[in-house]
Amino acid sequence: MLRAFLTAYPWDLIDEGVAAVLDRLHGEIGVTGLSVWIGVPPIVQLRVREVRPRVYRTRGGVFFHPDEQHYTGSRCKPVVSTWIRGRQPLKHIAEACAERAMELRVIVSAAITGRLAQRYPEMASKNVFGIESHAGVCLANPDVQAYLSGLVSDLSGRENIAGVTLADFEIAWPEAFQDDLWGAKPLGLTERSLFATCFCESCHQHATAAGVDVGMAQRSVQVILQKILDAGLATDWTLDAVLSDDAPLAEYYHWRTEELSSLLRRLVNSCKCELLLDRPFAEADRQHTDPDLSLPAAVITRLDHPDRLGSALSSAARRNELRLPESLAIAAHGPELVGALSRAVELGVTSVEIDNYGLLPDAALTPIKQAIRFARRTTSE
Ligand SMILES: [Zn+2]
């Protein structure tokens with residue numbers, strides 16, 4: 001049977017009343033599980049339903065009470081959101097899910113959980129010009145690795161948690177993907193990916209120890225970026241083409257993939273339940289940023305925009321898990337969602353997540369209900 005998850009932020013569930021929300025999602029809509037954000041990047045959200053505050057704003061952090069014993073091996077400790085003072089959101093949500101036999105997964109942003117990079121600037125990622133990130137820590141940093149391992153172990157050992165999903169599992173300088181960074185210059189994914197390459201001390205040290213000429217790789221990225229900035233134009237280069245021409249940079253990227261894979265292997269080992277990887281769907285170039293995808297229990301292919309639904313579906317079918325954006329459940333896209341879920345099931349997808357309860361208007365719950373029902377019929381045929 002198709003597992004149907006809805007993602008949600010903890011504050012939306014708690015402020016509306018977990019029991020009432022779950023009764024509706026489970027009883028009326030047919031949702032079988034929740035994926036709740038627990039390690040959260042900064043967010044400003046206009047809330048769809050009439051709850052207070054109407055605009056929810058958080059600098060991010062973790063939304064549960066960490067058990068300190070899991071973090072003794074790291075100088076990096078979880079930054080706890082002030083919102084959870086006097087609250088036990090994870091415990092309440094887990095109990096409410098268990099009472100209804102719903103599965104509960106938690107989602108953690110590995111690199112850009114809010115305030116971590118600001119609290120620990122020495123663990124932040126650094127771009128090719130040596131500028132540290134205010135948004136993200138570097139997953140090659142040993143303290144960050146130990147922290148993540150503690151977080152996975154802490155969360156996965158709690159009662160009624162069926163899965164831990166890692167989002168933003170990348171070694172990168174995340175500001176490279178912010179639109180306002182580039183002004184009017186319409187720069188493409190290849191340029192952004194190059195500029196997102198991290199050159200922090202940990203990356204330097206570990207890659208050098210692995211025999212990579214990091215200085216040459218860094219110089220290459222600087223030269224390529226300057227050429228693009230001088231021309232003021234996006235190129236039609238692919239990362240593949242750039243790397244096939246540049247051995248030190250290709251070796252640096254290869255080291256990065258190995259580093260991520262070895263971290264992922266350790267996280268799989270410290271996880272006491274299912275470990276999942278949230279992987280944004282992109283047509284190309286992902287092989288240079290992904291770790292070894294055969295490692296975790298499952299890989300969720302995340303589609304950010306309905307436009308590329310067809311190719312995302314076939315990609316998801318290879319991994320068995322799919323996450324769909326809220327835009328696919330809204331208004332005109334409703335019938336598309338119904339078709340997409342059935343098609344996903346036909347292709348072999350066994351589990352679907354739909355984003356995000358607090359951002360979904362009530363009107364979007366009807367297409368979700370139809371899509372789940374229709375997809376189940378496809379399964380039983
Ligand atoms: Zn780094």
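**Entry 1**

I began with Cys 271, which is buried at a relative accessible area of 11% (buried means under 20%, exposed over 50%, partly exposed in between, with a 1.4 Å probe and protein chains only). The model is predicted: local features need pLDDT of at least 70, side-chain atom pairs count only at pLDDT 80 or more, and totals for chains, interfaces and linings use all residues. Residues are numbered from 1 along each chain as its sequence is written, and side-chain values use heavy atoms, with hydrogens and water left out.

I looked for a partner of Cys 271 and found its closest cysteine sulfur in Cys 273, at 4.0 Å, which is too far for a bond. I recorded 0 disulfides in the structure, a disulfide being a pair of cysteine sulfur atoms within 2.5 Å.

**Entry 2: the zinc ion**

I listed the protein donors of the zinc ion as the SG atoms of Cys 138, Cys 198, Cys 200 and Cys 203, lying 2.3 Å from the ion. Donors are N, O and S atoms within 2.8 Å of the metal (3.2 Å for Na, K and Ca); water is not among the atoms, so sites may look incomplete.

I noted the sequence spacing of the donor residues as C-x59-C-x1-C-x2-C. Cys 138 lies in the loop between strand S8 (132–137) and helix H5 (142–156), and Cys 203 in helix H7 (residues 201–209), so this pair ties together parts that are 65 residues apart in sequence. Helices (H or I, at least four residues) and strands (E, at least two) are DSSP runs, numbered from the N terminus. I found Cys 138 buried at 0% relative accessibility, and Cys 203 buried at 1%.

**Entry 3: backbone geometry**

I located a cis peptide bond between Arg 52 and Pro 53, with omega about -15 degrees. Pro 53 sits in the loop between S3 and strand S4 (55–58).

I then checked phi. Arg 115, not a glycine, has a positive value of about 70 degrees; this residue is in the loop between strand S6 (103–109) and helix H4 (116–119) and is buried, at 15%. Asn 160, likewise not a glycine, has a positive phi of about 65 degrees. I placed Asn 160 in the loop between H5 and strand S9 (163–167) and found this residue partly exposed, at 38%.
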